[in-house]
Amino acid sequence: MRKLLLTASAIALGAAVLPASAETLRWARGADALTLDPHSQNEGTTHTFNHQIYETLLNRDVEGNLIPRLATEWYVKADDPNVWVFKLREGVKFHGGQDFTAEDVVFSLNRARSDKSNLRQLHADVADVVAIDDLTVEVKMNGPSPLYPNNITNTFIMDKGWSEEHDVVEVQDFAAGEDNYAVRNTNGTGPYVLQSREPDVRSVMTVFDGHWDEKPAVTEIVYLPIKEAATRVAALLSGEVDLVQDVPVQDIERLSATDGVKVETGPENRIIYFGYKFGDAPLKSSNITDKNPIADAKVREAMELAIDREAIKRVVMRGQSVPAGVAMPPFVNGWTPELDAFPAPDIAKAKELLAEAGYADGFTITLDTPNNRYVNDEAVSQAVVGMLGQIGIRVTLASRPVAQHSPLVQNSETDFYLLGWGVPTFDSAYVFNDLVHTKDGKYGAYNAGLYTNPELDEKIRSLGTEIDLDKRNATIAEIWKVVKEDRVLLPIHNQVLAYAMKSNVNLEVHPENQPLIRGVTYGE
Amino acid sequence: MVAFILRRLFQSFIVMLVVALISFMLFRYVGDPVASLVGQDTRLHEIEELRQRLGLNDPFYIQFARFIGNALQGEFGISYRLQQPVTELIVSRLPATIELAFASALIALVFGVVLGVFTALKPGSFASGAIMTLSLIGVSLPTFLIGIGLIYIFAVELQWLPSFGRGQVTELGWWRTGLLTESGRRSLILPAITLSLFQLTLIMRLVRAEMLEVLRQDYIRFARARGLSKRAINFGHALKNTMVPVITITGLQLGSVIAFSIVTETVFQWPGVGSLFINSVQVVDVPVMAAYLMFIAFVFVVINLIVDILYYAVDPRLRVHGIGGGK
């Protein structure tokens, strides 16, 4: 009798669970992952895809906080400030059935910092990785590295045995024309198992029964790259897909008003800013041939006063942006509302400043902008051309695909340019290192304006090894103060992300644009 | 005939070489492939290393020679973006494009000939006028707009047909076909119509013009005088003689349908070589772009060859001339 009862309740339970246990989510976005080899590319779309299948030691939630994943605890070793200790989760299995141990973490971190890995920059300060026991890993750094945990939210853990078996111990060297097993096959610890993959067409993943965490509501993911935005939106409207990422801003309003469809928006971790050439040498693209007008602080101030960020938000971005006065998104350590404040546009004062600087008649300059990289990038630049024109700065717009724009910026061959910058570590040092520090060797890679300030450089370098967080934050504040007063960068806005979905699907926008499908729930 | 074909083959080879040279030269100005391969984290010296490893710092003629050397062995390198051998990528995408191209050519040919004949036989009727007007609109609307319009009507509003993709596919050896499943056939309809509209209009106008021309000929009048049935005159005598230019145009257009299905494939997310190409252009995936252009050149060369040979079969006058020319 008791057995019968048990069976009956099991059936009842099964019946109750059944409807929810077979949910397929058809997920469309603009591009496909480049590779499934988790350490080969450091690129958002690729990481997003791999996050469903592989897991990292730490992760970020939708507020941008670090949360435990395969590591349950992490801390700087008590007697050695150069060592980070990671305590690993117990009872985690790979899709192939192998146990997850410290050896896998050692193997994966070493793989991620090997020569051919595109992630190695994030692990540049690692000296050695050691397994202490099955569930403890110590990462020895070259010096105190207070922010190392911020760097590993996209470093996926692979199974050592599987990698050896399939000869993927080394990261794929695609430049040498290599193809490898891990590019198309996976063995992660994540909530979903890859079932099939056709690059650019469709990939199917099903829920992993042996996963350590709660079972997700979505049991099958059909991932569909649809390049053309209009088609992507149409596929949602026609009910052929359930979730659309990379929704164009001009469609948000229309989609929100459509029955059965809703749009979630949220700020993206990406600042859009303008940079310009510092230094005494005259600009290549200007009619002022004896000096560089940008070098004059008054000119930079005049340019900022001429720009109407709210108008750009309203007209160009259709309300889908967050105007910014500082070159970092609000998630980033060091951000304050005071820094983010910006002056109201003031054409009269801007003209006055230009005249004081000796450019009463204005000057000419060329603005380089990408036209296929950021949301409405070319349109933002066009708007700025018009705004600067009002104070006599005659701007010629040179618009290019990002593949042609990037080299200009990297080689500092531009006088005035638009660029977007994400801050994956969520810390100001990341912005300073590449955009503010004098361009030399390891630093200033994207400091296309060649701004240089030795005093700041020293402070920026000190951030890398300062473990007293209060002191460190004080330094960050000092650096930002100078960067903002000097108008080293001219920030415009932070981008806003939009996901459109069927109205019974619930998914919040992730600041790094990495939605985790295991977090999807279903409403009424 | 053999000499003719050999001569054409040699010409084809030269054409291919020129295409390779031009495409290779062009791609040097498309942008820096490395820029899209690396993230913002990548150090500049690493970018330089990567350029070195990819051989992008070599002089142009060395890069070109290497490309030709590999191409002659059917080897087009590795796609920078998808990191798979380019030849494999193109071969795996080809069935989708070929099925789409043939479906649209079929639609264009059948409807083009039927409507062309109809408008030629009944030139003054209201229906003919309507068809001619509609064809003008069809030919002047851009493919992109037609595609989006069809998606909006048939996928979003009526929900009869899928808006993107190829549906369920079946593997027949290396050929992956969508024709054997219902969802595959349904997925084919909208893109095939979109791609066929331009060709359809072209063929229709051509058939109409040729037919009107032929119907004025003396031998048609004689046939009428002999009391032959209208049907026999129109289809037995007139239509047959309008087919030579139609075959030429259809053949040539088939080439351009395969080559320029890019827009249609992009709008419908059709997983063929056209969408592969456009995805590659944006990230400056030079190996794929170069291989694709070579492939398209090859298609045109082969189709031209076939069209020339078909002339021989259809038109006896050419055969005589051809043999005479061969002497």
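User: Is Asp32(A) buried or exposed?
Analyst: This is a predicted model. In it, Asp32(A) has a relative accessibility of 5%, so Asp32(A) counts as buried.

User: Which residue forms a salt bridge with Asp32(A)?
Analyst: Arg197(A) does, with the closest N and O atoms 3.4 Å apart.

User: Which ring does Arg197(A) lie over?
Analyst: Arg197(A) lies over the face of Phe49(A), 5.1 Å from the ring centre. Phe49(A) is buried as well, with a relative accessible area of 0%.

User: How many aromatic pairs are there over all chains?
Analyst: The search of the whole structure finds 19. Phe49(A) is in one of them, an edge-to-face pair with Tyr223(A), at 4.9 Å centre to centre and 80° between the planes. Phe49(A) belongs to helix α2 (residues 44–53) and Tyr223(A) to strand β10 (residues 220–225), both of chain A, so the pair ties together parts 174 residues apart in sequence. Tyr223(A) counts as buried at 1% relative accessibility.

User: What about Phe274(A) and Phe416(A), what kind of pair do they form?
Analyst: A tilted one, with 5.7 Å between centres and 45° between the planes. Phe274(A) lies in strand β12 (residues 261–276) of chain A and Phe416(A) in strand β16 (residues 416–422) of chain A, so this pair ties together parts that are 142 residues apart in sequence. Phe274(A) counts as buried at 0% relative accessibility, and Phe416(A) is buried with a relative accessible area of 0%.

User: What sits over the ring of Trp212(A)?
Analyst: The charged end of Arg89(A), 3.8 Å from the ring centre.

User: Back to salt bridges. How many over all chains?
Analyst: The search of the whole structure gives 35. One of the pairs is Lys502(A) with Asp242(A), whose closest N and O atoms are 3.0 Å apart. Lys502(A) is in strand β17 (residues 490–502) of chain A and Asp242(A) in the loop between α6 (229–237) and β11 (243–244) of chain A, 260 residues apart.

User: Which residues are linked with that pair in a network?
Analyst: Arg26(A) is linked with Asp242(A) and Lys502(A) in a network of salt bridges. Asp242(A) counts as buried at 7% relative accessibility, whereas Lys502(A), at 22%, counts as partly exposed.

User: And Lys140(A), which side chain does it meet?
Analyst: That of Glu138(A), in a salt bridge of 3.7 Å, N to O. Lys140(A) is partly exposed, with a relative accessible area of 32%, and Glu138(A) is buried, at 8%.

User: New topic. How many cavities of 30 Å³ or more?
Analyst: There are 3. The largest cavity holds about 40 Å³ of space.

User: What lines the largest cavity?
Analyst: Ala105(B), Ala108(B), Gln199(B), Ile203(B), Thr250(B), Gln253(B), Leu254(B) and Val257(B). Helices α5 (86–121), α8 (182–215) and α10 (230–259) of chain B each give two or more residues to that lining, and the largest share, 4 residues, comes from α10(B).

User: How many nonpolar, polar and charged residues in that lining?
Analyst: The lining has 5 nonpolar residues, 3 polar and no charged.

Methods
Residues numbered from 1 in each chain as written. Chains lettered and ligands numbered in written order. Predicted model: local features only at pLDDT ≥ 70, side-chain atom pairs only at ≥ 80, totals over all residues. Heavy atoms only, no water. 1 Å grid on protein atoms, 1.4 Å probe; cavity = no way out; pocket = protein on both sides within 12 Å on 5 of 7 lines; lining within 4 Å. Points joined across faces, edges and corners; volume = space filled by probe spheres on them. Nonpolar A, V, L, I, M, F, W, Y, C, P; charged D, E, K, R; others polar. Phe/Tyr/Trp six-rings, centres within 6.5 Å; stacked < 30°, edge-to-face > 60°. Buried < 20%, exposed > 50% of the residue type's maximum accessible area, 1.4 Å probe, protein only. Lys NZ or Arg CZ within 6 Å of the ring centre and 35° of its normal. Salt bridge = Lys/Arg side-chain N within 4 Å of Asp/Glu carboxyl O.
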